[in-house]
Amino acid sequence: MSTLIAALKTRDKRLRSLVVEAIDEIRVNSMGSAEGTVLLFDPFRKYLFRKDGTGCGYENEGRTIFVSELDSGKSFPILASCNYLTLAKFLEYGGKYYLLIAEVNGGAGNPSFWLYDVKANEYVIHAEGEISDTKESGVFSYAYSYDEHDALIPAGKVTIKNLINRESPLRLIPMQPMHGLTLRKNTKVFRPSNLETCQPDTDSFEIIRNAGTRVLVISKCEDGSYEIYYKGAGHVRKGSLKPTK
């Protein structure tokens, strides 16, 4: 999929049209596949969102959400998790569109959901709880925590207005993904040597060819290096990244 999207860099209108047509066909044919790559165009067809497996978490259910700019062919991860992530739907409010992404933690721990502002390219909400559609358009059933029978405790209903204005009963989680831009060409991304963070395998690495490539920052190590996500978990040395919002 990354190779196909990269082909959109061409100025050949005929080729670009064929690539978008191919992506659309893959998108339609993959609908309903929980394990496969899931593709979703934004309402204005400027961006393509996709969900890919990461091979981590409970029974390897980890997922990463990527966004691709259809005009430039650039792709980068915007959310990585060892939990299962869904591309639920786009919500519209005040002339803006938001992507709702649910996060499920393999049956252990409370679920959460994210709200991503498409135009601003940033997350505006990460809240504890499970959210699902109701019969009433634009109204969602909201629940958080579990009872003694492992059933979610309902907390009422919310609307898109409630979500954007962060009104109760939301339990907000102050965790926003951090990004970084590579500072130089041919940045080495070392693969993790074990489950511990900040312990890279210096014999196994991938190279990011272009300066200014966007990556997800997982954590900063004591020596100033970073744990990142770029086509999988990795590690870059001190001085390799410029952190951004």
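This is a predicted model: local features need pLDDT of at least 70, side-chain atom pairs count only at pLDDT 80 or more; totals for chains, interfaces and linings use all residues.
The sulfurs of Cys 198 and Cys 221 sit 1.9 Å apart, S to S, and the count for the structure comes to 1 disulfide.

Where does this pair sit along the chain? The bridge ties together distant parts, 23 residues apart. Cys 198 lies in the loop between strand S15 (187–192) and strand S16 (200–208), while Cys 221 lies in the loop between strand S17 (214–220) and strand S18 (226–229).

Are the two cysteines buried or exposed? Cys 221 has a relative accessible area of 6%, so it counts as buried. Cys 198 comes in at 26% relative accessibility, so it is partly exposed.

Now for the greasy side of things. In soluble globular proteins, nonpolar side chains tend to be buried together. Here the largest nonpolar core has 16 residues, and those touching the most other members are Leu 91, Phe 113, Leu 115, Ile 125, Ile 131, Val 158 and Leu 163. Two or more residues of this core come from each of strand S7 (96–104), strand S8 (112–117), strand S9 (122–128), strand S11 (139–146) and helix H3 (160–164). There's also a second, separate core of 15 residues, with Leu 85, Leu 87, Leu 99 and Tyr 116 among them.

Leaving aside residues up to four places away in sequence, Ile 125 touches Phe 113, Trp 114, Leu 115, Leu 163, Ile 164, Arg 166, Leu 172 and Gln 176.

Definitions and conventions
Residues are numbered from 1 along each chain as its sequence is written. Side-chain values use heavy atoms; hydrogens and water are left out. A nonpolar core is a set of buried Ala, Val, Leu, Ile, Met, Phe, Trp, Tyr and Cys residues joined through side-chain atoms within 4.5 Å. Buried means under 20% relative accessible area, exposed over 50%, partly exposed in between (1.4 Å probe, protein chains only). Helices (H or I, at least four residues) and strands (E, at least two) are DSSP runs, numbered from the N terminus. Contact means heavy atoms within 4.5 Å. A disulfide is a pair of cysteine sulfur atoms within 2.5 Å.
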